[in-house]
Each structure stands twice: as C-alpha cells, then as structure tokens.
Amino acid sequence: MATVPLYIERVRRLVESFDKYMEPSAQTWAAQHAVGLARERPVAYFCAEFGVHHSLPLYSGGLGILAGDHLKSASDLGLPLVAVGLLYHHGYFRQRLNREGWQEESYRQIDVGELPLQLVRREDGTPVYIELEMRGRVVRVEAWRVDVGRVPLYLLDTNVEENHEIDRLITGHLYGGDRETRCVQEMVLGIGGARLLRHLRIEPHVFHLNEGHSAFLTLELARELTVKGIAFEDAARTVRARCAFTTHTPVAAGHDEFASSLIEKCFGESYRQSLGLSHEEFLNLGRVTAGDETELFGLTPLALRMCRSSNGVSRKHGEVSRELWNKMWPGRQVREVPISSVTNGVHAPTWVAPLIRSIYEKHAGANWTELLHDAKAWAAAVASIPDEELWKAKRLLKGRLIAFVRERLYDARLRQGESVEFAESARQMFDPEALTIGFARRVAAYKRWDLILTDLERLYRLILDDERPVQFVFAGKAHPQDQGAKLILQQLALWELDPRVMRRAVFLQDYDQEVARQLVQSVDVWLNVPRRPLEASGTSGEKVALNGGLNLSVLDGWWLEGCDGSNGWAVGNVAASGEAENEDARDAESLYHVLEIEVVPTFYERDAEGMPRRWVAMMKHAIETLAPAFNSDRMVRDYAQKIYLAG
Ligand SMILES: *Cc1c(COP(=O)(O)O)cnc(C)c1O
C-alpha cells in the first residue's frame with residue numbers, strides 16, 4: 001500500500017487536515033461560549049464503555065457509542081474534557097449464530113501494540129500506576145491513553161504482572177463477568193479513575209458520571225476530604241457541588257445493584273472507616289430509603305444522592321425518570337423531582353456517509369457541521385439540494401449495502417458448514433431497487449423484535465409483492481446471559497430460512513459500529529418499535545436521519561421530539577396505555593397499516609422521470625428538521641451550558 005501514489009496522497013492530505021484541526025490557535029465554539037471551562041479545569045467524563053471506533057471494542061451498544069460521540073464533539077467544539085474508562089482486554093463479545101440460529105460468543109484479545117494506545121508513563125519512563133484495595137488485596141492499576149482528537153481518554157487496566165491472577169482479570173471483559181467482577185470493575189472505574197486524575201494533577205471543574213457505573217467516584221471524592229478530618233456530611237456537600245449525573249434507561253436491569261455482603265467483601269472495613277461512616281450509614285448511601293434492609297446497594301440512588309445535577313437523555317425520559325425516582329424525594333410532586341433532560345445526539349462527521357457528506361459540503365459549504373447550529377441556514381442549504389443528486393447517492397449507498405450483505409452472508413454460511421452452493425446463493429439475494437428496511441439494536445424483550453412477525457401472512461404480502469417488494473436487514477446481539485433474548489434471535493434466524501423470505505430478509509451477524517455505519521447510511525427506512533416508554537432516547541434513528549433515511553418508529557425517546565408528521569412515520573399513538581399484550585397487538589396493527597398505506601406506496605410512486613418525488617421530499621425534510629436537533633455538537637453544547645457551567 002505504502003507505494004501506491006494515490007494512497008500516499010490520501011494519507012498526506014489526511015495528515016494535513018488533521019494537523020490543521022489540532023492547531024492550538026484554532027477558533028472553537030468553546031473558546032467563545034464556554035470560557036468558564038479552562039484547560040486546567042476540564043470536565044472529567046466517566047463512562048464504563050466508549051465506542052470511538054470499531055477497532056477498539058470497548059463498547060456494547062448505545063451507551064458506549066454515545067460516549068464516543070460525546071468525546072468527538074467535545075473535541076470539535078474545543079471543550080476542555082478528559083475522559084476515563086476501562087481497558088477491557090477482551091472487549092465485548094463477537095457474535096456468531098450456529099446453524100440452529102443459536103447465538104455463540106467469542107472473545108478476541110485486543111492487541112495493545114496494534115492500537116493507538118499509549119501507556120501513561122512518568123518522566124523516567126516507568127508506568128504511572130495507582131493502587132486500590134479490593135477484596136482484601138491491593139490492586140495495582142495502570143492507565144493507557146487514547147487521544148480522540150483534542151480529548152484524552154484514559155483507560156484503566158488491572159492486567160499488571162504484580163496483581164493476583166483474579167485481579168488481573170478485572171478489566172478482562174465488558175459485561176462478561178459475575179456480580180462481584182462487576183462491582184470491582186466499577187470500583188476501578190470510579191475510585192481508580194478519581195485517583196488517576198489526582199495523580200496526573202488534573203483538577204476537574206465538574207465530574208460527569210455518564211450512567212451510574214462510575215458512581216463510586218463520589219465516595220472517593222468524599223474520602224479525599226474526610227481523611228483530612230472533614231465530616232462526611234460536609235464532604236458530601238462539596239462533592240455534590242462538583243458532580244453531575246446522567247441516567248440512561250428506565251429499564252431495571254440497567255441499574256446496577258449489589259448485595260450488602262458483596263459491597264462489604266469488595267470494599268472491606270477500612271474504606272468505610274476512612275469515610276467516617278458506620279456500616280449502616282454506608283449502605284444507606286445506595287438505598288432509596290435509609291434503613292430499608294431489603295434494598296440492595298444501588299448505584300443510581302448513590303449517584304442521584306451525591307450529584308448536584310441529574311438528567312435523562314430525552315424530554316420523555318426526563319419525565320419517566322422523575323416518576324421512577326420520585327421515591328427518593330417522597331415529599332415532592334413528580335414535577336419537582338430534580339431530574340432534567342438533555343436529548344442525545346450523534347456525531348455527524350462519524351455517521352454521515354462520505355457520499356452524503358460531499359453533497360452537504362457542496363450545498364452547505366465545507367463547514368457544514370457548523371451550519372447545523374443554524375437551523376434556518378441549514379434548511380435553506382438542504383432545500384437547494386437537487387432531488388436527483390440525493391436520490392442517486394442513496395441508490396449508490398444501497399448498492400454498496402447489498403454487496404456488503406451478500407458478502408457477509410456468504411462468509412457466514414461457509415463458516416456454519418453450509419454447502420458452497422447454498423453459500424453462493426447469498427450472492428443473488430436482495431434487490432437494489434427494492435424498499436429496504438433496517439432493524440438493528442440489542443436483542444431484548446422490550447425492544448419487540450418479533451412485533452413485525454405478529455401476522456406472518458400480512459408480512460409475506462409485503463415482502464413478496466412482485467411490483468413493490470420490501471426487504472429487511474436485521475442485526476443485533478443478545479446479552480450473553482439473556483437466554484430469552486437468544487430465543488428471540490433464534491426465532492428470527494429460523495424464520496429467515498423460510499424459502500419464501502430467504503432472498504428478502506437477512507440477519508447480519510456481529511452488529512458493531514462498522515455494521516451500524518453500513519446500515520444507517522444506506523437503508524431507506526429504519527424501524528424501531530420498543531415498548532413505550534422504555535426507550536430512553538435511541539440514537540440509531542438519528543444516524544439514519546442524517547443520511548436521509550426515514551424513521552418508522554414508536555413515539556418514544558428522541559423520536560417523540562423529532563417526528564413532525566412529514567419527516568418519517570409514527571407507529572402507534574403517543575400514550576402508552578395499559579396492558580402490554582393489547583398494546584403489542586395495537587402497535588403491530590399500526591405498523592402493518594403504515595407500511596401498507598404510506599411507506600410502500602410513497603416509495604414506489606414515481607414521476608415521468610422515474611423519480612420518487614414525494615419520497616425524496618420526505619428525505620430532505622428529515623435532513624432539514626432532524627440533523628440540527630439530534631447531532632452531538634448540539635448535545636455537548638447543551639451539556640456545557642445547562643449542566644457543566646451551571647454549577
Ligand atoms: C448507534 C448504535 C447503537 C444505539 O442504537 P439504539 O438506537 O439505541 O438502538 C447501538 N449499537 C451500535 C453499534 C450503534 O452504532
């Protein structure tokens with residue numbers, strides 16, 4: 001490669017534009033609008049996962065990708081921010097389905113030498129390390145640094161020779177271990193992270209706990225004060241003034257809780273004593289109701305209690321969270337519960353396809369991402385894009401997706417031990433002209449993967465229509481310990497072997513950031529039908545909108561804010577009502593109805609030039625209305641102004 005002139009030229013241009021991007025004198029948004037955040041007093045952003053690039057598999061899904069996008073926007077905006085996470089040596093699992101459609105997991109050791117990771121060292125070259133005591137043993141923790149543009153991301157690592165064999169595995173797998181592993185992982189993240197920053201002499205203006213996983217951080221900040229003789233209550237007040245918390249889901253399984261015996265085992269006596277707390281007082285920090293011994297130690301109650309600000313990730317999720325956690329403030333009305341919201345967004349330059357990006361550059365200018373800040377100017381630019389240009393780009397992208405789907409399926413079949421002939425038939429499947437619907441997300445019951453399968457005959461009529469066919473691409477992982485989710489996946493995988501649908505429906509294995517990019521950039525329609533109101537925000541549909549795809553989703557999370565009736569479609573009504581079963585039936589009916597009456601006819605309606613004018617008008621309207629509101633620059637600006645600087 002290094003001798004191909006075209007390649008060398010591309011690398012040279014990339015280096016040049018990166019150097020320009022990194023110039024210290026570059027005019028940034030933060031230099032003008034967030035002067036309160038100095039380089040010396042950055043935001044410290046803590047998260048258990050980071051999805052920066054698919055080569056660094058330190059994420060499982062939405063939370064990690066969101067954190068990665070947060071860092072990228074902070075970098076673009078020049079916002080002083082340092083991030084702290086964990087270096088999982090085996091990352092998150094890779095997914096394969098066997099011939100029976102059952103999910104199998106495997107892990108690959110990540111090769112730190114191959115990745116842009118630097119071991120954090122002292123001036124004398126020896127590794128910087130901190131120590132913490134867990135399970136009665138002292139554990140040594142080292143740190144790696146990844147630079148995400150201007151933002152340093154520190155990744156803590158216990159895989160150090162000096163450590164006990166078991167402790168070396170603490171940062172082994174993301175969500176792969178038992179409760180105890182989880183607890184010590186979170187101690188490394190929160191307590192270890194705080195100690196690392198102190199060691200590096202970084203004095204954050206504010207600590208942002210992105211999800212409760214890092215909530216032990218607040219205990220460590222308090223301990224810094226109590227060991228100086230300050231009473232815990234006073235220390236807690238000081239800590240509260242410096243910490244902000246974001247909760248990411250109303251689903252119970254998303255809130256980590258630990259048995260008190262486990263907390264005792266992991267923390268030991270001395271940590272609690274250094275806080276000046278009795279056993280009971282310590283446990284109460286993680287309970288909704290003080291003294292309730294039936295409660296586990298929850299990281300969300302701890303974070304809500306120890307942070308000055310808490311927020312959900314969409315307006316609806318803010319509302320749902322206020323209701324859910326009203327019990328922490330029993331004297332208050334729901335609306336008085338101090339949980340606000342900042343709606344999630346996605347990093348436009350990461351998620352926009354190069355083909356679409358060049359259209360934006362042409363019509364909105366080289367600084368098109370900045371134009372996103374100005375909804376009016378953006379709308380004018382989008383209006384000036386010729387229909388033909390946008391439609392042609394979308395068709396090219398769809399062609400690329402289909403080639404990708406065929407190749408992946410071909411490989412998967414060979415790997416499953418299928419015949420070469422059967423594997424080869426994958427190369428004929430899918431039609432580049434057909435309406436293509438994407439459905440990719442974690443496999444969990446509340447996401448209702450099987451909603452589309454409710455009425456198979458009706459679904460077959462859509463898929464098998466000769467004139468106006470519909471094809472589906474599915475992808476997503478089930479949590480390794482979630483047998484129910486694996487059954488859902490298997491049901492879908494087996495359904496796709498039905499000869500009637502085989503050419504027009506596919507499950508792509510091993511959903512990750514790269515598969516996500518292929519899908520969100522290329523599909524015509526993105527389907528999302530979780531049970532309301534359990535989708536805190538959702539971000540994949542935002543990525544689709546940035547690329548001119550249309551959302552077909554229940555009115556929950558971000559889509560409740562985004563859908564205006566002509567930039568995509570709603571499944572079901574606003575109110576989630578009553579019993580799950582009735583609601584599933586009603587939503588399934590609505591889904592088929594909208595597909596039959598609106599989506600399919602609009603897509604296949606062509607004018608004399610063969611252009612789907614109404615469809616392209618919707619694409620443009622989606623780009624115009626959704627891109628400015630649901631990108632992560634807007635999100636990070638909101639965090640800066642409403643949360644980081646509001647303390
Ligand atoms: C964007 C993304 C997600 C989150 O999407 P949801 O809308 O929350 O389902 C999950 N996984 C990957 C790989 C993504 O890129």
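Me: Which backbone does an oxygen atom of the ligand sit 3.1 Å from?
Reply: In this predicted model, a polar backbone atom of threonine 539 lies 3.1 Å from an oxygen atom of the ligand.

Me: And what about the side chains of serine 540 and lysine 543, how far are they from a ligand oxygen?
Reply: Serine 540 places a polar side-chain atom 2.6 Å from an oxygen atom of the ligand, and for lysine 543 an N or O atom of the side chain is 2.7 Å from an oxygen atom of the ligand.

Me: How much of the ligand's accessible area does the protein cover?
Reply: On its own the ligand has 390 Å² of accessible area, and the protein covers 92% of that.

Me: Which elements give two or more residues to the shell?
Reply: Those elements are α3 (62–77), α20 (513–522) and α21 (540–546).

Me: How many residues surround the ligand, and which are the closest?
Reply: The ligand is surrounded by 13 residues, of which the closest are Trp351, Ala516, Thr539, Ser540 and Lys543.

Me: How do the shell residues divide into nonpolar, polar and charged?
Reply: The shell around the ligand is made up of 4 nonpolar, 6 polar and 3 charged residues.

Me: Which domains does the shell draw at least three residues from?
Reply: Domain 1 (40–344 + 637–644) and domain 2 (348–630) each contribute at least three residues to the shell around the ligand.

Me: Switching to the strands, are β19 and β20 parallel or antiparallel?
Reply: Strand β19, residues 550–554, pairs with strand β20, residues 568–571, in the parallel sense over 4 bridges, and leucine 552 stands opposite tryptophan 569 in β20.

Me: Where is phenylalanine 430, and what is its phi?
Reply: Phenylalanine 430 lies in the loop between α17 (420–425) and β15 (435–440), and its phi is positive, about 70°, although this residue is not a glycine.

Notes
Residues numbered from 1 in each chain as written. Predicted model: local features only at pLDDT ≥ 70, side-chain atom pairs only at ≥ 80, totals over all residues. Heavy atoms only, no water. Near = heavy atom within 4 Å. Polar contact = N/O pair within 3.5 Å; in protein donor to acceptor, adjacent residues only side chain to side chain. Areas by Shrake-Rupley, 256 points an atom, 1.4 Å probe, with all protein chains shown as cover. Nonpolar A, V, L, I, M, F, W, Y, C, P; charged D, E, K, R; others polar. Domains from an automatic or database assignment. Pairing = 2+ DSSP bridges.
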